[in-house]
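Have a look at the model first, and then we can go through it topic by topic.

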Amino acid sequence: MSDMKLTLKVWRQAGPSAPGAFKSYPASANEHMSFLEMLDVVNEDLQEQGEEPIAFDHDCREGICGSCSLVINGSPHGPKGGVTTCQLHMRSFKNGDEIVIEPWRAKSFPVLRDLVVDRSPLDRIIAAGGFISVPTGAPPDGNAIPVAKEDSDRAMDAAACIGCGACVAACPNASAMLFTSAKVVHLSLMPQGQPERNRRVLAMVNAMDEEGFGGCTNYGECQAACPKEISVENIALMNREFLRATLHDRDGAPRVAGTM
Amino acid sequence: MNRFRALWQSVIGKKIAMAGSGLILVGFLISHMASNVLVFVDPAKLDAYAEWLHGFGGLLWVARGGLLFFLLVHILAAYQLTQIARAARPTGYHAVDYRVSTYAARTMRWGGVLIAVFLVYHILHFTTGTLHPDFHPGEVGRNVIEGMQVTWTAAFYAITMVSIGAHFWHGIWSVFQTLGLNHPAWNSTRVTVATALTLLVAGGFLSIPVAALLGLLP
Ligand code: HEM
Ligand code: FES
């Protein structure tokens, strides 16, 4: 077990309207620790010295809840790709490294404290999508509704989104298109998602715009940062869904939301 | 019409407007490049081509008006999307690590501004002749050859053509994605199409100022 000495440069901010600044801390770790465990040790030291521990979000620590959210050396969830911060191990770093740790940066994600941001805009985009019409009662026969394997696979891939917001953090435009498209597409590809298909995409894109996220310039940074490797193909599908729904939907919900 | 307004009010609709108007401008550039390289064949052929175009009279103005309209749509959408994106990230990162985005993608905005500046200069240079050292109306081939003899002019053209190439490349690749055409079976073809068109169009344009700088124009 090789030990490493690191220098952390961490964004500290006492509250939503307090000014923030970077502070440096020495840290030691071994290569088997997760990134969050490394921070836990730093926090224990801080507490012993009577200092405020570094606040960061975490819950499941196994890559499924989407709570953890750190920009590590400029990359959301760190340099590895395809993992969340909680699944990132210290073997991705070397002895002597300086590691810069910042919160997700977006106007729609205000910093609450240190590295914790408010990601409720993502919940509101999901809520705007509304319900799907599923008859309740006795369970239906298995395979009563045929679904092409290819479609169910793609829907499942989109549904892997854990809503962590790394796509927003990674995008130079702070766009939530990858997140929103994953949520739109995992339903639009399935028969169960058809009845509300048009109004769902209209409402979710509307909510996304109202929350103040940017648009897509096809940089591709979102896909590279996504711990679940959600594909930008979903963005293309959402664009198509949105265009179709805006031009075809019989109720035609004209928008008044946009400011421009 | 309400539905077009509804489209324009979303970031997706603005992007679709950019894609559509961009495609039309790409079409113009292909025909413009193809006619420009006539200067290598015979400068008189360029004159004849220009005369043929001017023969359309009123229709030529319709085409110019259309191009100008789509150019303005393109610029307006780009401007508004830039404003929205800037507002969406008021505080940037201390450490920046781009993993996959290309230089072409990240310079779309300033590249676009350079093209707009170039366009004003270009029209004053070759269409009105205002900024041309020795302009002869109707003698298009001669105007190009003499205009390109000025070293800094040829250099400015050459630099702009490279930047147009970058803009063009990301634009063409990206237009498929924006219009919803992303499919694993076709994605590598998208890149091939973008690269081939860029080499053809930007390369064709570039050949003229480069030939002038090397003293190879007739
Ligand atoms: C080496 C590069 C280029 C050369 C030598 C060239 C040459 C010319 C010439 C000679 C004209 C005047 C034609 C006439 O009066 O009949 C012209 C017009 C024009 N060019 Fe170019 N061009 C080049 C690149 C470009 C590029 C890259 C763009 C677009 C971004 C562009 C946009 C235009 C426009 C908008 C006009 C005005 C068309 C009109 O009069 O209706 N050109 N060009
Ligand atoms: S803590 Fe749950 S995904 Fe990282």
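Cys65(A) is partly exposed, with a relative accessible area of 30%; buried means under 20%, exposed over 50% and partly exposed in between, using a 1.4 Å probe and protein chains only. This is a predicted model, where local features need pLDDT of at least 70, side-chain atom pairs count only at pLDDT 80 or more, and totals for chains, interfaces and linings use all residues. Residues are numbered from 1 along each chain as its sequence is written, chains are lettered from A and ligands numbered from 1 in the order in which they are written, and side-chain values use heavy atoms, leaving out hydrogens and water.

**Cysteines**
- The count of disulfides over all chains is zero, with a disulfide taken as a pair of cysteine sulfur atoms within 2.5 Å.
- Cys167(A) is in no disulfide, and its nearest cysteine sulfur, that of Cys164(A), is 6.5 Å away.
- Cys167(A) counts as buried, at 8% relative accessibility.

**Aromatic pairs**
- Over all chains there are 12 aromatic pairs; rings of Phe, Tyr and Trp (its six-membered ring) pair if their centres lie within 6.5 Å, and planes under 30 degrees apart count as stacked, over 60 as edge-to-face and the rest as tilted.
- Trp11(A) and Phe22(A) form an edge-to-face pair, 5.1 Å centre to centre with 75 degrees between the planes.
- That pair links strand 1 (residues 3-13) of chain A, which holds Trp11(A), to strand 2 (residues 20-30) of chain A, which holds Phe22(A); helices (H or I, at least four residues) and strands (E, at least two) are DSSP runs, numbered from the N terminus.
- Trp11(A) is buried at 12%, while Phe22(A) is partly exposed at 25%.
- Phe109(A) and Phe213(A) are also an edge-to-face pair, 5.7 Å centre to centre with 75 degrees between the planes.
- Phe109(A) and Phe213(A) lie in loops, so their pair ties together parts that are 104 residues apart in sequence.
- In chain B, one aromatic cluster includes Phe118(B), Trp152(B) and Tyr157(B).

**Helix 6 of chain A**
- Helix 6 of chain A has 14 residues and reaches 20 Å from its first C-alpha to its last, close to the 20 Å expected at 1.5 Å a residue; the expected span is 1.5 Å times one less than the number of residues.
- Among its buried residues are Val201(A), Leu202(A) and Met208(A).
- Gly212(A), whose phi is positive, near 90 degrees, follows helix 6 of chain A.
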